[in-house]
Amino acid sequence: MSKKVDIKVTVNGKLYERSVEPRMLLSDFIRHELGLTGTHTGCEHGVCGTCTVWFDGEPVRSCLMFAVQADGHEVHTVESLGTPDNLHPLQQAFMEKHALQCGFCTPGMLMTFAHFIQRHPNPTDEEIREAMAGNLCRCTGYENIVEAVKLAAQRMAGK
Amino acid sequence: MTTEVKTKVIGKSVWRNEDPRLLTGMAQFVDDIELPGMLHAAFYRSDYAHARIKSIDVSAARARPGVVAVYTAEDFGDYWHVGPLQVPPPLAIKGAQFNARPLVPIAKDKVRYSGEPLAVVLAESRYIAEDALADIYADLEPLPAVTDMEKALEPGAPLVHDDLGTNLAADVYQQVGDYEAAKAKADVVIARRFFKDRCAGGAMENRGIVCAWDEKAQKMTVWCGTQAPIPMRNAIAKNLGLSEDQVRLVIPFIGGGFGPKVMTSMPDDVLLPWLSRKLNRPIKWIEDRRENFLATTSERDQIHYAEIALTKDGKILGVKDVFYHNTGAYDPYGMTVPLNTQTHTLGQYDVPNFYTQIKMVFTNKMVVTPVRGAGRNYGVFVMERLMDLAAKELKMDPVEIRMKNLIQPHQLPYKTGIIGQDFVENVLDSGDYPASLKKAVEMIGYEKFVKEEQPRLRAEGKWVGIGVVNFVEGTAVGPYEGARVTVGNNGKVVVLTGCSTQGQAHFTTFAQLVAEQLGVDVKDVHVTTGDTDQFHWGAGTFASRGITVAGSAVYAAATKVRAKALSLASKLLETPEEELELADGVVRVADLPSKFIPLGELAMKANPTRGTIEPGVEPGLEATAYYAPPHGATGYGTNAIILEVDKETFDVKIRRFVFVHDCGTVVNPMVAEAQIHGGVQMGIGTAFFEQLVYDDNGQLLNASFQDYLMPKATDMPMKMELGHLSVPSPLNPLGLKGLGEAGAIPPPAAYAQAIENAIHDVDFEILDMPLNPSRLYELVKAARKK
């Protein structure tokens with residue numbers, strides 16, 4: 001075991017001060033140190049995108065970063081988007097378009113697309129699929145996710 | 001038996017009850033469970049596929065700070081045991097030979113596949129447990145590995161199970177009519193060898209288990225994402241010498257199943273509960289992706305030697321199929337997968353003479369158990385390819401030859417004479433096969449494409465082709481499922497079943513079945529699918545049986561509760577039952593809605609604290625019911641695709657994707673369509689992307705998502721055009737049939753036909769799957785050289 005390092009990380013607007021081993025993955029830190037289990041891990045080698053979070057506002061794979069790299073930075077997870085009683089428009093669209101089945105990859109999808117929609121308020125199907133190519137889903141065949149992202153983008157732009 | 005059901009909620013695309021929690025990160029999966037004092041397990045696994053174990057030195061691992069224990073097979077002492085066999089041998093089939101070699105929990109004396117566990121470490125954190133794996137030294141003497149099914153049966157082949165004296169795991173044949181006699185009369189006989197390789201289950205959530213022994217309560221609680229909660233509870237109880245009620249299995253949300261999670265006695269399932277009791281500490285183990293690729297279960301390489309005999313006008317006289325099925329190193333799941341192949345080979349076709357033989361083979365590869373499609377797609381691939389070859393030989397149109405041989409609606413129910421994975425004769429219960437083919441042909445515009453578009457595109461130099469294939473999907477097999485429906489004092493309804501959920505929307509579709517009967521909001525029905533302390537009868541979620549088998553039980557229980565509610569309300573409201581209705585959470589007089597009693601209040605009256613209840617009446621607004629089908633319900637459909645092959649890269653782009661299916665009565669169309677979508681994704685995966693590549697030493701060469709290609713969003717068709725038929729099954733009151741695996745079944749066959757059709761200027765045959773651009777290039781190159 002290596003010596004622990006003190007870090008300060010702001011997650012979903014709340015400052016956490018923790019002492020962690022330098023080798024601890026950011027995904028493990030979020031899930032098991034902070035108990036924010038909405039972020040999932042599907043491969044831990046950076047391919048499936050399930051663990052996607054925002055790091056200083058940009059989507060990253062939290063399984064490919066160490067917690068110590070987040071010292072002094074800001075992280076957002078799926079828990080920052082909405083609550084069961086007050087869903088984010090993207091979450092609402094996912095529900096309405098049945099864009100999730102088992103729901104395991106969904107937090108990563110949401111973090112990818114909540115960011116994507118900000119940059120692409122009026123996306124085409126091709127752009128959405130291209131953006132999704134870094135997130136694997138085994139259940140849905142992706143089609144309903146494309147529909148949900150379009151719906152959410154329309155609603156968010158239309159306000 | 002089927003009655004016309006006038007529905008209010010069934011058949012509606014209701015949004016899912018489970019989604020708000022799943023969408024906000026509030027749904028609990030097994031790795032989210034943290035218990036005080038919990039230990040973390042990690043497995044030391046063999047790098048060799050076949051090796052003699054000389055010694056394993058775990059002393060350095062044991063000495064590592066933070067490590068609590070390290071166990072090898074030897075350390076488990078008398079607890080080490082073989083098995084159990086999760087699915088029994090197919091004794092219902094006459095003359096069936098089956099050699100049971102179920103899994104061992106941890107390798108002893110010998111390793112039989114790469115990834116097989118040799119030691120398990122228990123430590124205060126997962127990081128420490130994995131550190132300790134590097135401290136272990138296993139002295140293994142490598143043995144020659146056997147991976148090829150045919151070579152495995154040659155004399156002198158290395159033996160996977162030395163005591164057996166052969167690698168033949170099973171030999172089962174079934175026949176209808178007399179194929180050889182039919183062949184003698186045939187104008188045309190076509191014979192080929194087909195090969196179809198393995199794919200992974202590939203659920204996004206890996207397997208995992210948390211177990212906690214409570215010494216004071218003498219009770220074991222296990223959280224696990226199994227598809228079969230009750231059988232797993234029973235297996236753990238038996239292993240530990242406990243009575244069933246001393247083991248509670250709780251199923252949290254499951255991040256996809258697809259087959260491999262149906263297993264109930266994987267090494268971790270057997271070892272970790274025992275260790276939790278022994279060490280009196282909770283234990284968690286979460287599989288990583290590499291372990292999932294190497295050492296969970298996967299599906300099915302098969303080699304088929306198949307032939308078809310026809311008249312010169314294209315009528316099929318008979319089919320013969322002798323095939324090898326690679327079960328891997330053990331056969332814990334019996335013969336489910338190859339039996340599915342046998343029952344699905346003839347599909348929708350009326351074939352009077354059929355001979356089918358399985359040679360199941362042990363090899364030094366990962367164990368094979370069902371994965372979505374579960375052998376069905378292999379039979380369908382072989383048959384549809386034979387039809388294409390026959391059409392080519394007879395210069396017939398592929399659609400025409402299919403139409404000519406379909407089983408007609410008046411022939412249903414059609415007894416196939418072949419015994420299936422459920423050990424009863426396969427019966428095609430309901431449907432209209434010609435309607436399915438016609439609909440698909442119309443939807444894709446077959447005539448117009450073949451006569452107008454394709455010639456034009458070919459003139460432009462494009463390789464554009466069309467494929468149309470049929471399939472059946474045996475679903476909803478027995479033995480049975482059960483459910484209990486209870487109206488609470490708050491008027492909300494609780495549904496309990498042992499049929500667990502991996503994303504199929506049971507929290508919503510089961511709720512719809514109840515809401516239909518009890519007149520409550522779907523949101524007010526809470527479904528629990530796998531807590532053995534609450535409901536402990538059932539077999540599990542597999543073979544596309546959830547909505548049909550468990551759903552029928554839920555519906556029957558809700559029907560009983562409705563009857564109870566009406567009977568009691570009739571007395572309290574002093575109104576005949578016929579004049580009452582259940583709606584908006586109350587029982588009321590239909591013509592006088594102001595005269596009502598809320599269901600919650602009725603529930604309280606049905607469970608009085610003093611006084612008495614009538615003799616013969618059970619307390620509470622509650623009922624339990626079971627549904628046991630006599631045999632499975634068979635769905636079916638047609639897949640029609642138009643694709644383009646890139647002449648430079650040999651990549652394939654889908655231009656149109658039409659999928660017609662019939663799952664009988666649809667409970668939630670939105671959910672049903674999405675089941676097809678997901679199935680198709682796996683079907684396309686196994687046609688053109690997914691392949692577990694083993695070398696001759698039994699090493700899996702692509703054990704990561706980087707190297708194993710699951711279809712991405714950019715690999716899928718832009719739009720799946722679905723066509724629905726709905727011929728109710730006569731086997732259950734609602735007319736339900738399953739559809740979970742349908743989408744995964746026909747795409748490889750459709751791809752093969754369409755690709756051959758696209759590359760019209762080269763004479764070649766696609767007999768092996770999966771394809772990929774380089775394999776397709778090699779095939780075409782070889783054909784051009786000829």
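Let's start where the two chains meet: 43 residues of chain A are in contact with 44 residues of chain B, where contact means that the C-beta atoms of two residues, placed from the backbone, lie within 7 Å. On chain A's side of this meeting, the elements giving two or more residues are α2 (89-96), α3 (106-119), α4 (125-132) and α5 (143-158). Helices here are DSSP runs of H or I with at least four residues, strands are runs of E with at least two, and both are numbered from the N terminus. That side of chain A splits into 19 nonpolar, 16 polar and 8 charged residues; Ala, Val, Leu, Ile, Met, Phe, Trp, Tyr, Cys and Pro count as nonpolar, Asp, Glu, Lys and Arg as charged, and the others, Gly among them, as polar.

A word on what you're looking at: this is a predicted model, where local features need pLDDT of at least 70 and side-chain atom pairs count only at pLDDT 80 or more, while totals for chains, interfaces and linings use all residues. Residues are numbered from 1 along each chain as its sequence is written, and chains are lettered from A and ligands numbered from 1 in the order in which they are written.

Now over to chain B. Its domain assignment, automatic or from a database, gives domain 1 (19-27 + 478-627), domain 2 (206-254 + 260-295) and domain 3 (298-477 + 630-785). The centres of domains 2 and 3 of chain B, taken over C-alpha atoms, are 36 Å apart. Even so, 9 residues of domain 2 of chain B are in contact with 10 of domain 3 of chain B. The domain 2 side has 6 nonpolar, 1 polar and 2 charged residues.

Chain B also holds an open sheet of 4 strands, in the order β21-β29-β30-β31, with mixed pairing; two strands pair if DSSP finds at least two bridges between them. At the edges sit β21 (463-475) and β31 (721-725) of chain B, each pairing on one side only. From one strand to the next, the twist averages 15°. Strand β30 (residues 652-662) of chain B runs parallel to β31(B), and 5 bridges join them. Look for B:D662, whose bridge partner in β31(B) is B:L725. Helix α17 (residues 669-688) of chain B packs on this sheet, touching β30 and β31 of chain B, and its direction makes about 135° with that of β30(B). For such angles, axes are lines fitted to C-alpha atoms, for helices over the stretch in contact, and values run from 0 to 180 degrees between N-to-C directions.
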